Amino acid sequence: MSLLERHRAVMPGWMPVYYGDDALEIVAGSGRRVTDATGRSYLDFFGGVLTTMVGYDIAEISDAVRAQLDTGVAHTSTLYLIRQQVELAEKIARLSGIPDARVFFTNSGTEANESALLFATNARRSNQILAIKNGYHGRTFATMAITGHRSWSSSSLSPLTVHWLASADRLRGRMAGMSDSDLIDAAVDDLREVLATVTAGDVAGLIAEPIQGVGGFVHGPDGLLGAYRKVLAEHGILLIADEVQTGWGRTGEHFWGYQAHGVTPDLITFAKGIGNGFALGGVVGRAEIMNAVPAISFSTFGGNPISAAAGNAVLDYVLSHDLQGNARRVGAVLLGGLRDLSYEILGEVRGRGLMIGLEFVRPGTTEPDPAVTLRVFDLCREHGLLVGKGGLYGNVLRLGPPLTLTEEEAREGLAILLDAIATADAESRIA
């Protein structure tokens, strides 16, 4: 049996694998490139879903993890002091922008968001949460409940009462074609209407991704979360920024996505890139909210010595190498090359820094075209470039390469991507 056949024999059928019957096994990596089991090399523009944030085989991270392993201690539990965990928490608290912050470590973004909901609902004594359509926050019951993306909502069961706000999608829906100022006004009106009509008046918090990840990198204009915050403050409602994909400088312009909005959240969730492949996530937030849990709780593996050692090395590398600045510079190369395109199959190019989405549509319409998206996706792989997919309708290519991507590599990947789009566009005209 092939590895794919063995995978299908023991894994659940709802676990997606890219490239169907030609699924890829990655066996090695260096920098921004990976090698598959056949020996073929690829330039990686997806980084394990924006997780391999610094790249592959980074000496500083490997050395830090080996040094911790060499102590013989991989786990002690948080019932004992963990130096690596405390040091990482100090750095994150300082960088969060939240005064007197506390940090709780988890194993994933899902668990981070679940924890933030626990803190917010306890602090406010309410199980009502505001969420934004097209957002994605995880796969547990609570995080699925606040995921406004049907493909990823596996159950209608929920411990929360969720009230929905409109997405800031500019291509279709109620916000389509609006200017920045008009969109912000419409979004604030929508929030006020929701609060006045369908809530019980004691909402715990609003959770929002500054840029929607799985949703296809849809995002509102700068200042939107700040405008929301003014209304939330009138009711004492908390603001939770889901920075699982936008954090650590990926947007280029800011270290955190929320900083584009003139607001400081009460809670920030993080994961993915901070571990660069090691399981690490968490929440940083105001002390009185983080301390609102009325019973004993902890995470067995969250912030363990190995993951925390990796996290410290990753964060130090991000700061010492100004990867935020690199994301801004190199992202401009990619966005500049993509925004000049005028193919009818390309409905929109959006994003910031090294977080870029390309939405594909049927020519002359805004109707999603997942088939042509898949064709571009496959052509990229054929020519040595790995990209991701997403969006509400499966018609968005997602680019989220490591933040160490060079300008030369950006141009190499851009050339492959441009050729793939041109080929798919020509094929669509023949069809």
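Contact here means heavy atoms within 4.5 Å. Helices (H or I, at least four residues) and strands (E, at least two) are DSSP runs, numbered from the N terminus. The model is predicted: local features need pLDDT of at least 70, side-chain atom pairs count only at pLDDT 80 or more, and totals for chains, interfaces and linings use all residues. Residues are numbered from 1 along each chain as its sequence is written, and side-chain values use heavy atoms, with hydrogens and water left out.

## Helix pairs

Two packed helices are described by the angle between their axes and the distance between the axes. Axes are lines fitted to C-alpha atoms, for helices over the stretch in contact, and angles run from 0 to 180 degrees between N-to-C directions. Angles under 35 degrees count as roughly parallel, over 145 as roughly antiparallel, 65 to 115 as roughly perpendicular and the rest as oblique. A crossing is left-handed if the near helix is turned anticlockwise from the far one by less than a right angle, and right-handed if clockwise.

| Helix pair | Axis distance | Angle |
|---|---|---|
| H12 (residues 370-382) and H13 | 9 Å | about 140 degrees |
| H4 (residues 83-96) and H10 (residues 305-320) | within 8 Å | roughly 40 degrees |
| H7 (residues 180-197) and H8 (residues 224-235) | within 9 Å | roughly 25 degrees |

H12 and H13 are therefore oblique to each other. Their crossing is right-handed. From H12, Val372, Arg375, Val376, Leu379 and Cys380 meet Ile416, Leu417, Ala420, Ile421, Thr423, Ala424 and Glu427 of H13. By class, this contact of H12 with H13 has 9 nonpolar, 1 polar and 2 charged residues. For these classes, Ala, Val, Leu, Ile, Met, Phe, Trp, Tyr, Cys and Pro count as nonpolar, Asp, Glu, Lys and Arg as charged, and the others, Gly among them, as polar.

The crossing of H4 and H10 is left-handed. H4 contributes Gln84, Gln85, Glu87, Leu88, Lys91, Ile92 and Leu95, while the H10 side includes Pro305, Ala308 and Leu319. The contact of H4 with H10 divides into 8 nonpolar, 4 polar and 3 charged residues.

H7 and H8 are roughly parallel to each other. H7 passes H8 in a right-handed crossing. Leu183, Ile184, Ala187, Val188, Leu191, Arg192 and Leu195 are the H7 residues, and they meet Leu224, Ala227, Tyr228, Val231, Leu232, Glu234 and His235 in H8. The contact of H7 with H8 has 11 nonpolar, 1 polar and 2 charged residues.

## Sheets

Two strands pair if DSSP finds at least two bridges between them. An open sheet of 7 strands has the order E4-E10-E9-E8-E7-E5-E6, with mixed pairing. Strands E4 (101-106) and E6 (161-165) are at the edges; each has a single partner strand, so one side of each lacks a neighbour in the sheet. On average, neighbouring strands of this sheet are turned by 20 degrees against each other, direction ignored. Strands E7 (residues 205-208) and E8 (residues 238-242) run parallel, joined by 4 bridges. Within E8, leucine 239 stands opposite leucine 206. Helix H5 (residues 109-124) packs on the sheet, and its direction makes about 165 degrees with that of E9. The strands that H5 touches include E4, E5 (128-132) and E10 (281-286).

E3 (residues 41-44) pairs with E13 in the parallel sense over 2 bridges. Aspartate 44 stands opposite leucine 386 in E13.

## Hairpin and single residues

Buried means under 20% relative accessible area, exposed over 50%, and partly exposed in between (1.4 Å probe, protein chains only). Strand E11 (residues 346-352) has 5 of its 7 residues buried. E11 runs antiparallel to strand E12 (residues 355-360), with 6 bridges. Arginine 350 has glycine 357 as its bridge partner in E12. The hairpin of E11 and E12 has 2 residues between the strands, and glycine 353 takes a positive phi near 55 degrees.

Aspartate 70 is in helix H3 (residues 59-70). Its relative accessibility is 68%, so aspartate 70 counts as exposed. Its C-alpha atom is separated by 45 Å from that of arginine 350, 280 residues apart along the chain.

Glutamate 409 lies in H13 (residues 407-430). Glutamate 409 is buried, because its relative accessible area is 10%. Leaving aside neighbours within four places in sequence, glutamate 409 is in contact with Arg32, Arg33, Leu43, Phe45 and Thr404.
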